[in-house]
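Good morning, and thank you for coming. Please look at the structure on the screen while I speak about its pockets and one of its helices.

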Amino acid sequence: MKSTSKILICISALLMLSIYVLPLWRIVLEAPQYPEGLEMQIWLTGITGNVDQINGLNHYIGMKHIVVENFWEFKVLPYLYGAIVLIGFLVAWKGSVKLLWVWLGILLAFTVFGLVDFYLWEYDYGHNLDPTAAIKVEGMTYQPPLIGYKQLLNFLAGSFPDIGGILVGIGGVIAAGVLYVENKRKNSLPRKSLI
């Protein structure tokens with residue numbers, strides 16, 4: 001692996017470290033009675049933002065309260081993700097294209113797992129409602145979108161990567177670009193003759 005590729009892999013891993021200090025995901029709620037909007041920021045280790053206000057509103061429709069301690073992910077993922085980032089630094093140090101393939105495979109699997117887990121979390125909160133809730137709309141569920149916007153009664157709910165998630169995505173694109181360039185370079189090298 002060329003030294004430029006090693007530096008880029010190191011930059012990729014550094015960008016991925018950003019979610020230890022920056023929010024990974026953002027959920028926003030917009031409604032006429034909340035012109036400034038309500039938001040939650042999901043970090044690798046917890047949730048911040050207007051959580052208490054959102055819990056208060058969710059109570060009326062029968063949603064469970066969002067409580068950080070109820071999520072095993074915030075206890076486990078910081079360590080698991082840290083190990084994955086360390087593999088990225090190992091790739092940069094060793095300069096192994098094979099190890100880069102492994103790292104990208106792990107990153108892809110982690111991303112898919114994270115999105116599926118988040119979807120299931122949203123599904124559970126949006127569908128498993130208290131039947132004694134003050135507000136009941138027949139056939140209505142309150143699952144926010146995985147990505148994008150969705151109308152939920154008089155609220156427009158949005159769900160997007162936050163700055164940390166964007167930087168992680170950029171890091172992944174850099175790593176995939178390095179893999180592409182290194183494979184292309186390897187395939188363009190003349191083959192050694194066996195004679």
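What volume does the second largest pocket have? The second largest pocket has about 430 Å³. This is a predicted model, in which local features need pLDDT of at least 70 and side-chain atom pairs count only at pLDDT 80 or more, while totals for chains, interfaces and linings use all residues. Residues are numbered from 1 along each chain as its sequence is written, and side-chain values use heavy atoms, with hydrogens and water left out.

A pocket here is an open set of points on a 1 Å grid over the protein atoms alone, where a 1.4 Å probe fits, with protein on both sides within 12 Å along at least five of seven lines; lining residues have an atom within 4 Å of a point. The second largest pocket is lined by 23 residues, and L29, L57, N58, I61 and F155 lie nearest its centre. With 5 residues, α2 gives the most to this lining.

The largest pocket holds about 850 Å³ of space. Of its 28 lining residues, L24, F110, T111, G114 and L115 lie nearest the centre. The most comes from α4, with 11 residues.

Let us turn to helix α1. This helix covers residues 3-16.

Technical notes: Helices (H or I, at least four residues) and strands (E, at least two) are DSSP runs, numbered from the N terminus. The expected span of a helix is 1.5 Å times one less than its number of residues. Grid points are joined across faces, edges and corners, and a volume is the space filled by probe spheres set on the points.
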